[in-house]
Amino acid sequence: MKNWGYVLFIILALACKEKEADKEISTEKKYVVDYVNPLMGTDSSFELSNGNTYPAIATPWGVNFWTPMTSKMGDGWTYKYDEHKIRGIKQTHQPSPWLNDYGAFSFMPITGSLKFNEDKRASWFSHKAETAKPYSYQVYLADYDVVAEVAPTSRAAHFQFTFPDSEESYILLDAFNKGSMVKIIPEERKIIGYCKNNHGGVPENFKNYFVAQFDKDFEINHTWKNDWKLVENSAFQEGKHVGAIIGFKTKKGEKVHVKVASSFISLEQATLNLEREIGNDSFEETKTKAKNLWEEELGRIQIKDTNTDNIKTFYSCLYRVLLFPRSFYEINKENKVVHYSPYNGKIENGYMFTDNGFWDTFRAVFPFFNLMYPELNSKIMEGLANTYKESGWLPEWASPGHRNVMVGSNSAPIIADAFLKNVSIKEVDVLFEAILKNATTSEGRPTSNGKVINSVGREGVEYYNKLGYVPYNVGIHENAARTLEYAYADFTIAEMAKKIGKDSVANEYYKRSMNYKKLFDKETKWMRGKNEDGTFQTPFNPLKWGDAFTEGNSLHYTWSVFHDIKGLMSLMGGEQNFVEKLDEVFEMPPKFDNSYYGFTIHEIREMQIVNMGNYAHGNQPIQHMIYLYNYAGKPFKTQEKIRDVLTKLYTPTPDGYCGDEDNGQTSAWYVFSSLGFYPVTPGVNQYVIGAPLFEEAEITLQNGKIFTIKGQGNSNENKYIQSTTLNNKSFDTNWISYSTIQEGGELVFEMGDVPNQNWGSSNNARPYSLSDKKE
């Protein structure tokens, strides 16, 4: 018995120790940044986009990102998840594979016989021996028995290469093609140089200067020159494509560190950036600082839920929202904010941001900044004013300067929404002048390679201002899409003018905002291209992608009347017809006409394969459409379809998106929608309610107040709102105001598995439409 008693005592003691261990584990801090999967969306190709992303190892809105390269130099799909070899880890500024990169260069460690050609040096790797975090990247390069790691700052990075026992160990710096220079300085353990590679949108004097500081003496230094020609025992090379090679002996497990920084201003500024951002920090210190920066930003939204995959998807999407636009400014030796202007080639004072397509991001990314990051958006607005002063135009797609991509005049809603939500803007008059210029003239638009940059200003603006639309038959492609986006931009101009006190301007642009009606075809009840003489385009197929529309068809663009859904409803013949039209998009087969392109573009294929009819969530024009049921008193339909998209089209995996991610826009849709609301109409003080995905989300606003959203009873089946309360009071409107959220508080949704068709259905419960204001 004594023995059994002793055994029992031991068992109880061990149990207590296990409980104490569990207690210690449970109190250990959990970093939300570690829910992020930077590989989400990387399993993509030209034919089919599951995100078209690359793992961006960066800090939020950093000047530089770093990413592993599986593809050849110059390939926009720089990292393909299903490829097996890595060619290097490069500094990248690529916002999209379709825009490609600029100012890129890379590092690659190797051992054994010297290989520096990008095909020959590529090493096999496995995702099983790869760790990607927003704040660090680690990979085992199997051909060389080297572990390569990188941790970022905004303008610099810290590499750590763990080598084997080798008589021949090297680190290669590839300065890339299209113009580059390298200089090896062995006595300082340093490589300096520049790279000029770009795909347009830069002045002639564009250079990205870099400084790389090593912590090990060089026993060998070579360079290569054009056409991969090795120049042994050389320390300088300049040409179309050059690179540097340094070599040494290593012991097993020896770690070699490289601290590198760059600047678009000068080598001196690059050195200053390196001293300021890394200095004497160890690799782990650099990594920890980057991790803490991400945790600070991502942690402002705390999610509580039992579904870990949903939490991973949320933070992976939020990470993408916080990458772009890219900061393009530096701090000089006098501690002044300055930037190299990608518009005039000069060093200018003040902030500058780039790598953004407003056609995508006006919809949800910038509204998210206004909600969560008004101080950041204040700097972005200053950057937009600087762009206008340096180039004469607002950007619509910048990378890093004006690029000839996409349509619309979407800088207007971005500026107006910030102004109307009381973001601090230093030069309101300059920005208002700029958006009015966009809306009144096309004279003096900049050129690139001898061609006018059509995405700056409004192509066809003279037609639009004369006829109220851009005609179909005057040689301006995507004319109906332009008309609809111009009309919405006019509404935001009117709202801004009204707040400024320019009533006559406001009245003029309110009238112009009704131009969407000129394209509505009463016979088909779809938007349709219209000829200069006032007749509609013939023949007309609403399923035809492109042509009069942009990366979509009439079924997608008809709903681009963000500011006056009630007016669109009236054109369709009332609520019932409107709802039937919405249903038709989801219920019809995914038929399409691709004749405008001559092949099936990836956006079409992504619509076709997800079993949601003609709803094309993978592209931006239709992403607000699900919320439009609220305007017709049928919010339960919105709730149902929102949940389908959130749970079926997004996952925290390499194939986790349903189309191009596009500078945070497709991610911002998820972030907003999973919280339970969405900015259908930037420029209006409202978000339209969908339904929350999580049990609880706690949002810490920049003003210090906390807004909490609870989905009580939320589950896969319980996706319908039964009732809501705001601060313990009944709340039955199917929208919530920006100002209400900024005041802090608690919004509680009671969820159930059966639609409550009465909730949010009354006329008084519906979101803003301009037609309501006119009645």
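Modeller: In this predicted model, a salt bridge joins the side chains of Glu 459 and Arg 482, with N to O at 3.1 Å. The term denotes a side-chain nitrogen of Lys or Arg within 4 Å of a carboxyl oxygen of Asp or Glu. Local features require pLDDT of at least 70 and side-chain atom pairs pLDDT 80 or more, whereas totals for chains, interfaces and linings use all residues. Residues are numbered from 1 along each chain as its sequence is written, and side-chain values use heavy atoms, without hydrogens and water.

Colleague: Which parts of the chain does the pair Glu 459 and Arg 482 link?

Modeller: Distant ones, 23 residues apart: Glu 459 is in the loop between β28 (451-452) and α11 (461-467), and Arg 482 is in helix α12 (residues 479-500). Helices (H or I, at least four residues) and strands (E, at least two) are DSSP runs, numbered from the N terminus.

Colleague: Are Glu 459 and Arg 482 buried or exposed?

Modeller: Buried means under 20% relative accessible area, exposed over 50%, and partly exposed in between (1.4 Å probe, protein chains only). Both Glu 459 and Arg 482 are buried.

Colleague: How far apart are Arg 512 and Glu 508 in helix α13?

Modeller: They are 4 residues apart in helix α13 (residues 503-512), and therefore separated by about one helical turn. Arg 512 is buried at 17% relative accessible area, while Glu 508 is partly exposed at 35%.

Colleague: How many salt bridges does a search of the whole structure find?

Modeller: The search finds 34. Lys 72, Arg 87, Glu 118 and Asp 119 are linked in a network of such bridges.
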